[in-house]
Amino acid sequence: MNTVEFGGIGMTSQRTRERLIQRLKDQGISNQKVLDVIRVTPRHLFLDEALSHRAYEDTALPIGYGQTLSQPYVVALMTEILLSLGPRKKVLEIGTGSGYQATVLAQLVDQVYSVERIKPLQDKARDRLRQLGLRNVRLTHTDGGFGLPDYAPYDAILSAAAPHEVPEELLHQLAPDGILVIPVGPGDEQELRVIIRDGDSSKFEERVVETVRFVPLLSGTTR
Ligand code: SAH
């Protein structure tokens, strides 16, 4: 667990943050720790200045390279599901993007591994994490479609990009009772799926939560 002090919030910003938290509650987010972490995490630092005034709206926003910072509701929902079976120690995120989701996770679990295929996005995310003093996030530039076998197994895996089908490799990298939260489907809209490994067996239980909109999981990496 890593508590971060993000100081210097103006009153206006505090009010807009409270509005966002209320909206998340209204939409059914109930994990108080998740709500508290979202309240104190400066989402405006994960956007270009031109967009930072919209940081506390409940909407996805562009971060360049055709990618988006996920909607706060979806970040909250996926994080809440990820923690729903109890505390998680080691978590893998696929699709670092801006680093916002990784920052949220880093305040709720022991160690976050996050992979990104677009190098400049990873570089920016690394700067932000350093600025915030987060030391329990390890970033890797790789194609997360194969997970990150070097550090497996993970107590939870969260994918911020949508494959057409669930990659087998991700299932193999789940620890006993591990949980995978992943949007799946070929179109603009996908099913948010939750897959739970049954103990240390190779059986998995799967359910669909709701419809979400994510960028596609692409293969290969770019410099
Ligand atoms: N979690 C991010 C959301 C970024 S959008 C945030 O909080 O900002 C999803 C990200 O997944 C994009 O940055 C995209 O480049 C990345 N991505 C897509 N396919 C990938 C793959 N195969 N491996 C790693 N990252 C991938």
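This is a predicted model: local features need pLDDT of at least 70, side-chain atom pairs count only at pLDDT 80 or more; totals for chains, interfaces and linings use all residues.
Reader: What makes Asp58 buried?

Author: The relative accessible area of Asp58 is 12%, and since buried means under 20%, Asp58 is called buried.

Reader: How do you know that Asp58 forms a salt bridge with Arg23?

Author: The closest N and O atoms of Asp58 and Arg23 are 3.0 Å apart, and a salt bridge asks for a side-chain nitrogen of Arg or Lys within 4 Å of a carboxyl oxygen of Asp or Glu, so the pair qualifies. The two residues belong to distant parts of the chain, with Asp58 in the loop between α2 (32-40) and β1 (61-64) and Arg23 in helix α1 (residues 11-26), 35 residues apart.

Reader: Why is the contact between Arg193 and Glu206 called a salt bridge?

Author: Their side chains meet at 3.1 Å, N to O, and because the cut-off is within 4 Å, the name applies to Arg193 and Glu206. This pair, too, links distant parts of the chain, Arg193 being in strand β8 (residues 190-197) and Glu206 in strand β9 (residues 204-212), 13 residues apart.

Reader: Is Arg193 buried or exposed, and why?

Author: Arg193 has 16% relative accessibility, and as buried means under 20%, Arg193 counts as buried. Glu206, with a relative accessible area of 45%, falls in the range between 20% and 50% and is therefore partly exposed.

Technical notes. Residues are numbered from 1 along each chain as its sequence is written. Side-chain values use heavy atoms; hydrogens and water are left out. Helices (H or I, at least four residues) and strands (E, at least two) are DSSP runs, numbered from the N terminus. Buried means under 20% relative accessible area, exposed over 50%, partly exposed in between (1.4 Å probe, protein chains only).
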